[in-house]
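Please keep the sequence and the 3D view open while reading.

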Amino acid sequence: MKTRFLLLLAAAWLPSALLAQSYQVTGKVTDRATGEPLPGVNVALLNTTQGTVTDVDGSFVLPNLAAQSYRIGFSFIGYKTQALVVRVPQEGELTPALESDVIGLDAVVVTGQGLEVAKRRLSTNVSTIGRAQIERSPATRLDQLLQAQLPNAQIRLNTSQPGATSMIRSRGVVSAAVSATPVIYVDGVRMDNLNTAATLSLNTSGNRHNGDATGSVADIPLENIDRIEYISGGAATTLYGSDAANGVIQIFTRRGGAGTTRVSLETNVGAETPTTDFYYFDRTADLLFRDGLYQQYRLAMDGGNQNFGYSFSGSFLDTEGTRIHRQNANRRYDFRTSFKAKPNAKITYLSSFGFSNSRFSRVRNGNAGGYTGLWFAEAGQSAPGFGFNNRLDDLNEEEYGRVAEFVSKAEALQNYGGNTNRFQTSQSLEFTPLPQLRLKGTAGLDFRSSSEKGIETNEYLIHTKVVAANTENRGRISRYERRFAGLTLEATAQHTANWRDFSFISTLGSQLFRNEDNQVELTGEDLREGSQLVSDASVRSGRDLRLQVVNYGIYAQENVGFREKYYLEFGLRADGNSAFGANIGLQTYPKVGLSYILSEEGFMQRIPFLSSAKLRANYGVAGNFPPPFANERTTGFSPFLNASTARFGQYGNPDLRPEKTYTFEAGTDLSLANDRFSVGFTYYHATTRDALLWVPLAPSIGEPVQLQNVGKILNRGVEIAANFAVINNQNLTLRLNASLNTLHNRVLSTGGTAPFAINGFSARTVQSLVAEGQEMGVIRGSRATFGPDGTLLESDPVAYIANPLPNTFGNLGLNLAYQSRLTFFATADYQTGAQQHSFDRQFRFNHGLDEPRVPAKALADAGNSRNALWLNVTNVFVESTDYLKVRLVGVNYSLPPKWHGKIVKGIEVGFTAVNPFNFAASSFDPEVDHSGSRDPDPNSLTGTAQNGASVGGFNYSTSSPNRQWLGNVRIRF
Amino acid sequence: MKKILFVSLLTLLTNACKVENPNVTEDVFLDSFGSMNAWLRGTERQFATTLNAVIEFTELASDNYFNNRTLSSKVFDIPTILDTDPDVNTIQSRIHTLRAQAEYGLSVVATRDARTTDAQRAELHFYKGLAHLLAGELFVALPAERLGRPLPPGEHLNAAIAEFEQAIQLNGTAANANSVGYRLAIARAYRGLGNKAEAVGFARQALTAGAGYLRTSRYDAVNSLRNEFQFYIFDSGNDEFQPLPRLDFLDPKYFSTSNTDTKPVAFLKAEEAHLIIAEQQLADNELGNARQTMQNLLILVGTRARTSFSDAGEDRGKIGGNIRLYPDSAAYRVAASADDPLRSGLVLNRKSGPVNVSTVSGTSVTAARIEEAAGADQLLELLYLLRQEVFIAEGRRIHDLGIRFPVSAIERNGNPLVESDATQAQIPSFIPLNFGLDNFTLDRINRTVVIQFNMNRILVQNKTSPFVLPFH
């Protein structure tokens with residue numbers, strides 16, 4: 001056996017040219033519209049396993065061919081696939097010119113399908129972001145990269161602080177217990193996508209870590225991305241089973257090029273400036289913010305030949321941030337290296353390794369209490385908390401100088417920060433025993449280690465008036481360590497067959513992932529000044545937490561085509577999961593869908609302006625598995641007076657199962673006027689049944705909450721994405737794109753559970769709730785009604801006063817190119833129909849600042865006691881959060897070759913502005929919505945629900961994402 | 001080769017599928033060594049947690065403290081007490097959990113842990129009795145079992161007495177210092193029932209067994225169970241809760257000198273026995289005896305600890321914001337109402353050196369005032385002032401004011417036996433609304449404070465009300 005294997009291996013590596021007389025086919029692939037060469041195009045000998053990709057000049061070589069006819073296929077993201085018949089030996093060079101493909105009927109996608117399937121066969125919608133889009137964004141984190149790029153998703157960075165969590169959602173909020181963040185895969189390996197505070201983690205923003213917690217999405221290595229696919233849920237995600245009701249993002253990395261080695265150097269250098277548009281006081285910006293330097297350098301190289309490819313990309317980022325004393329600095333190293341080897345015609349080995357290291361500083365934000373910069377300035381807290389006149393803009397220079405001096409010291413003395421190290425790898429082996437059968441096995445790991453620390457010295461506590469002067473024993477330190485290890489194993493087989501007018505793609509696969517999450521908190525009290533070690537504190541304590549979950553599933557899918565225009569797909573996934581209750585066996589997720597390429601019909605081809613048309617409809621189920629170990633009944637222990645003490649632990653639930661989202665969708669993709677205009681339209685109706693709710697038990701039961709499958713949540717809406725090539729000629733192209741999504745969300749049932757909070761503050765101020773008949777995350781607070789003369793007629797203390805979910809949202813984009821050398825681009829996103837509550841504003845009223853929204857009569861009637869009135873009029877501080885935010889504006893220029901000679905293959909220079917313009921209906925930044933999640937389980941260690949649901953909805957002393965003004969140079973060798 | 005590959009793959013898959021819950025499942029716990037020790041300590045911890053909620057919310061709902069900031073309840077000061085208020089739910093949840101924990105200890109843990117002693121059983125009965133006692137003192141009604149019918153206060157007080165008596169049966173000898181507390185708790189429950197004879201009988205037994213008896217609930221800052229009220233009155237740098245100005249000299253009863261310093265809370269103390277006896281004597285018009293009992297009480301109070309410490313961080317409100325200003329210097333004189341004289345010595349200087357505050361019991365009532373009081377009603381008013389001052393920051397005042405919390409909406413949602421009248425708070429008509437309990441006028445020029453309502457006088461004026469003064 002061993003000898004045979006070695007012989008086989010040797011034979012595979014022997015150059016086949018030695019074995020027989022052979023020929024090669026060469027050519028160069030270009031863009032039909034512009035004539036520019038296209039690098040990275042897949043060139044495949046159809047009906048064989050042989051192929052290559054074009055190099056930087058668009059050139060390719062297919063060696064080792066016999067003297068006969070071949071069909072060669074050319075495919076590339078964003079272009080229509082083309083097939084040519086070539087007679088070998090070849091005369092002259094092939095010069096296929098690819099036509100851009102707006103709808104992408106022939107583009108292949110992987111996510112949700114097991115292995116590659118052409119989009120035309122799919123009844124579901126897949127969004128793809130190509131390399132060009134990725135390269136022009138200076139984003140340093142995945143969520144920022146995707147912002148305004150995915151037509152059907154909303155992405156918000158909730159703060160300017162580095163490394164913090166974000167909010168990603170698309171088809172509403174399907175769960176009341178689990179975060180809306182999609183699962184994220186890199187080369188088939190599942191990533192840690194925690195986008196809320198971890199249970200044990202640094203808290204610099206108070207109540208439930210709202211807003212400034214460290215998240216895991218921020219440090220996914222971003223180097224060397226080839227493309228990103230996104231599916232938003234429903235039938236598209238059914239093959240991911242219990243893990244995908246929120247959708248799936250999959251990153252594919254470059255696996256090496258072809259031809260000579262290519263090297264590129266890139267630098268982004270510029271300024272970061274604070275977004276101060278929304279501040280109440282003009283002087284807030286000066287008090288707390290300074291412009292900072294942003295610099296990023298990248299080296300990338302790739303190369304290889306037909307049988308071997310390699311690719312490397314590494315970058316270094318250093319940002320000073322915009323907070324004074326550089327308290328939001330971030331330094332980051334990223335690299336990824338990938339290989340592809342093809343030892344013989346049947347076997348392909350793919351490998352990628354990614355690493356990132358990020359180190360950042362933080363400051364107190366939000367509801368952290370005590371001294372918190374923006375609370376001090378913007379919420380008027382400088383008066384009641386610190387004895388200053390809180391009308392900052394009215395202060396004379398001397399008074400203001402005293403405030404600035406106080407703030408400067410309070411900011412400088414803060415010592416919060418963290419660093420993460422993340423390592424990922426994906427190893428795949430593809431085996432193609434027959435041209436029509438492909439087998440692929442993938443194994444991979446995501447290992448993330450994060451450390452955070454916070455130190456409050458006596459000097460800081462004395463300065464910020466937490467303790468009295470001369471205190472010497474109140475210094476404290478907290479440290480948090482989190483280690484996440486995720487293992488993914490997947491095996492997939494895909495068989496293609498044709499019979500008469502029918503074509504079949506059969507997929508069978510199995511997947512297993514295992515996540516292990518270990519967290520440790522160490523705290524020390526009475527820390528000596530200058531120390532950064534818990535060991536140096538006089539009283540030390542610690543807590544830890546371990547979460548493990550395993551999900552294993554098998555799936556099968558059949559895609560049947562008839563005459564290249566009718567497609568029927570159906571599939572099923574069955575899952576087991578360690579978080580299911582003991583009474584729950586395998587869970588199944590079916591899907592079925594139809595795709596109809598209307599434009600293939602003869603009668604449609606006679607319609608002059610129609611380029612392509614597709615109708616699609618499907619029904620599918622996807623799930624969210626429950627939090628680990630919530631199924632088991634436990635005894636809890638709380639140390640007390642130096643001894644172990646026992647109490648009721650988790651209530652447990654042997655019937656705990658995943659919540660399932662049942663989605664029906666139907667839509668069409670149309671392309672008109674030679675692809676000048678295209679539009680995709682989808683209607684979806686998604687009902688989450690057995691929704692997981694932390695049900696507060698009747699108090700007399702004596703135990704607090706139980707996780708139960710008792711809810712029902714509806715999300716429905718339409719998704720429209722349009723592209724319009726306004727100008728499309730050799731010299732000039734102008735493309736516009738826009739999307740519009742509507743959302744109707746309702747918590748249809750909570751199974752009789754009383755409304756409970758998922759975010760917000762105390763029940764007597766303002767909270768975001770899950771309540772039957774309301775939108776998810778509806779905000780509850782007091783609602784005042786006033787008479788015509790401003791008299792307070794009534795105040796209902798528990799009224800629903802705002803809905804933070806928008807009813808419309810989408811993106812806008814523009815791309816103008818002149819001779820393919822000069823490109824101008826812009827992206828933006830918007831929303832309407834949502835509201836947020838401004839606690840800053842409510843505080844300002846309470847702290848004596850002018851507030852026209854509260855009638856003078858009501859205040860006079862309350863004896864001018866703002867304290868007596870302020871929490872009875874919470875609805876007054878709710879504002880509409882319609883907005884349009886321009887995310888990117890940039891220009892790139894590719895220098896003509898005569899300027900750089902032959903060694904340098906290309907030089908591009910550019911300028912990009914990030915977040916340059918904001919237009920909002922609200923007086924505060926609607927993107928900064930304090931979207932932490934709170935744990936309804938009072939026995940939880942911290943009250944923070946790790947990976948819990950939240951929809952934000954609160955403005956509370958949190959800084960907006962920064963602006964960046966960056967110059968860019970990229971040199972290719 | 002194939003076998004090795006197959007076995008390796010199978011091992012990898014098998015190991016990858018295993019998860020291990022690091023927490024302790026119920027059966028593992030019950031079979032573990034010393035489970036009763038751990039469970040009893042857990043029950044004590046649950047009582048401390050319960051007392052935290054009781055004190056925080058009931059002190060606000062009474063005239064003792066006002067929430068001058070934004071943390072904690074902003075409506076109990078009014079007082080607005082709704083069944084939908086999560087804070088209302090929190091208090092009863094903790095009381096029920098205390099009851100359930102004690103029951104589970106008696107019915108499950110005690111039967112599985114053969115080393116369980118009578119002393120441990122006695123303590124579990126005691127804690128179960130305390131759950132009933134708090135239910136009977138603070139709520140209009142509460143279930144006494146899982147999803148049970150809400151029982152009126154009297155039934156809870158009787159249930160409490162039954163539990164305390166079982167504790168005495170199991171471990172009621174003089175050798176057990178806790179048994180004084182069992183008797184004192186019975187006296188307190190009988191007082192709530194208006195049963196003078198039994199209340200006084202047990203009060204005298206308690207005094208005989210322990211004239212200076214004190215039982216406290218302990219806290220542990222290192223392990224995240226702090227005396228929460230201490231945070232609101234001292235540890236927070238924001239001066240959250242402010243005492244009624246005539247009680248300023250008693251604040252803060254709990255304070256810290258380091259981050260891990262969290263003070264115990266007295267919940268049963270011999271003062272209670274004197275107060276019960278004096279109240280019976282006044283009810284029976286034994287004025288001389290009552291005066292003597294009250295004087296005895298002053299002697300006991302005089303023996304309790306007082307501590308000097310810096311409270312310079314306390315600002316008593318701030319100018320410039322919208323925080324209510326409180327008197328902040330000993331120069332202030334305070335009148336308990338417009339009809340009362342201005343008295344000195346009730347407000348402390350906090351910025352000019354350490355303050356000296358009672359950590360168990362303190363009072364402004366002097367022997368002379370007891371002697372000068374003319375007639376039963378004036379003595380009764382003084383007695384209720386004594387109760388207020390001695391028990392400040394212990395969560396006792398709303399019971400004296402006749403305010404009771406309702407059954408929460410969450411209980412009503414899950415428990416079909418809850419009827420709508422149990423979901424209404426009891427706020428007697430003589431309780432002033434619109435923050436009246438905490439209102440006062442402050443004259444910063446003349447350094448005087450006049451409190452709007454002297455609630456002790458109002459209580460005496462309403463002594464025949466069924467809601468208050470149980471012996472009258």
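P252(B) lies in the loop that runs between β6 (241-243) and β7 (265-269) of chain B; helices (H or I, at least four residues) and strands (E, at least two) are DSSP runs, numbered from the N terminus. The peptide bond leading from D251(B) into P252(B) is cis, with omega near -5°. Most residues other than glycine have a negative phi, and most peptide bonds are trans.

This is a predicted model, in which local features need pLDDT of at least 70 and side-chain atom pairs count only at pLDDT 80 or more, while totals for chains, interfaces and linings use all residues. Residues are numbered from 1 along each chain as its sequence is written, chains are lettered from A and ligands numbered from 1 in the order in which they are written, and side-chain values use heavy atoms, with hydrogens and water left out.

Chain A also has a cis peptide bond, from V88(A) to P89(A), with omega near 5°. P89(A) sits in the loop between β7 (82-87) and β8 (97-98) of chain A.

Next come some strands of chain A. Strand β22 (residues 347-362) and strand β23 (residues 415-434), both of chain A, run antiparallel and are joined by 16 bridges; two strands pair if DSSP finds at least two bridges between them. Within this pairing, L350(A) has S428(A) of β23(A) as its bridge partner. β23(A) also pairs with strand β24 (residues 437-456) of chain A, in the antiparallel sense and over 18 bridges. Here R422(A) stands opposite R448(A) of β24(A). The hairpin that joins β23(A) to β24(A) passes through 2 residues.

Which strands form the open sheet that includes β1(B)? Its 3 strands follow the order β32(A)-β31(A)-β1(B), with antiparallel pairing. The edge strands, β32 (646-648) of chain A and β1 (24-25) of chain B, each pair on one side only. Strand β31 (residues 634-637) of chain A pairs with β32(A) over 3 bridges, and F637(A) stands opposite A646(A) of β32(A). The loop between β31 and β32 of chain A holds N642(A), a residue other than glycine whose phi is positive, near 60°. On the side of chain B, β31(A) and β1(B) pair over 2 bridges, with V24(B) as the bridge partner of T635(A).

Helix α3 (residues 35-61) of chain B lies across β31 and β32 of chain A and runs at about 70° to β32(A). The axes behind this angle are lines fitted to C-alpha atoms, for helices over the stretch in contact, and angles run from 0 to 180 degrees between N-to-C directions.

The contact between the chains (heavy atoms within 4.5 Å) takes 76 residues from chain B and 68 residues from chain A. The area buried between them is about 5,900 Å², of which carbon and sulfur atoms give 59%; buried area is the accessible area (1.4 Å probe) that two parts lose on being put together, summed over both. Chain B and chain A share 2 salt bridges, each a side-chain nitrogen of Lys or Arg within 4 Å of a carboxyl oxygen of Asp or Glu. One of them links the side chains of R546(A) and E20(B) (3.7 Å, N to O). On the side of chain B that touches chain A, at least two residues each come from α1 (2-17), β1, α2 (26-30), α3, β2 (65-67), α4 (86-112) and α15 (409-414). α4(B) gives the most, with 10 residues.
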